[in-house]
Amino acid sequence: MRNALIRVFQIMAIIEAVTWTGLLISMVFKYWLTGDQLGVRLFGGLHGFAAIGYVMAVFLVRPEVGWSNRTTAYALFAAVPPLASLWFVGRAVPRALAAPATAAPTNT
């Protein structure tokens with residue numbers, strides 16, 4: 001169950017980053033190139049769902065890997081800057097997989 005939740009968290013972080021990137025590219029087209037709103041409508045909605053899914057995944061994986069409040073706050077903040085969720089996953093998931101299965105929250 002633990003590894004499955006970590007995998008779900010990884011997948012949600014990737015989806016969140018991809019939709020964030022799609023939304024940013026769509027905004028470039030809307031405001032500077034073509035004025036077309038289709039991409040913003042599409043990726044805006046997708047990114048909204050992806051961001052909610054990412055936040056849910058953070059709270060699902062937290063007790064399984066023993067994240068502290070601080071680490072959880074970093075995970076949640078990583079959803080705000082574009083592609084930061086990928087950076088966070090790259091740092092947090094290897095540590096989570098290396099930690100014992102009954103990891104207690106740490107202060108990092």
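Tutor: With a term: buried means under 20% relative accessible area, exposed over 50%, and partly exposed in between (1.4 Å probe, protein chains only). This is a predicted model, so local features need pLDDT of at least 70 and side-chain atom pairs count only at pLDDT 80 or more, while totals for chains, interfaces and linings use all residues. Residues are numbered from 1 along each chain as its sequence is written, and side-chain values use heavy atoms, with hydrogens and water left out.

Student: Is Phe9 buried or exposed?

Tutor: Its relative accessible area is 1%. With that value, Phe9 counts as buried.

Student: How many aromatic pairs does the structure hold?

Tutor: Rings of Phe, Tyr and Trp (its six-membered ring) pair if their centres lie within 6.5 Å; planes under 30 degrees apart are stacked, over 60 edge-to-face, the rest tilted. By that rule the structure holds 4.

Student: What kind of pair do Phe9 and Trp67 form?

Tutor: Their centres are 5.4 Å apart. The planes make 75°, so the pair is edge-to-face.

Student: How many residues apart in sequence are the parts that Phe9 and Trp67 tie together?

Tutor: Helices here are DSSP runs (H or I, at least four residues), numbered from the N terminus. Phe9 lies in helix 1, and Trp67 in the loop between helix 2 and helix 3 (69–77). So the pair ties together parts separated in sequence by 58 residues.

Student: Which residues do ring pairs link into a cluster?

Tutor: Phe9 also pairs edge-to-face with Phe88, at 6.2 Å centre to centre and 90° between the planes. Ring pairs link a cluster of Phe9, Tyr54, Trp67 and Phe88.

Note on methods:
Helices (H or I, at least four residues) and strands (E, at least two) are DSSP runs, numbered from the N terminus.
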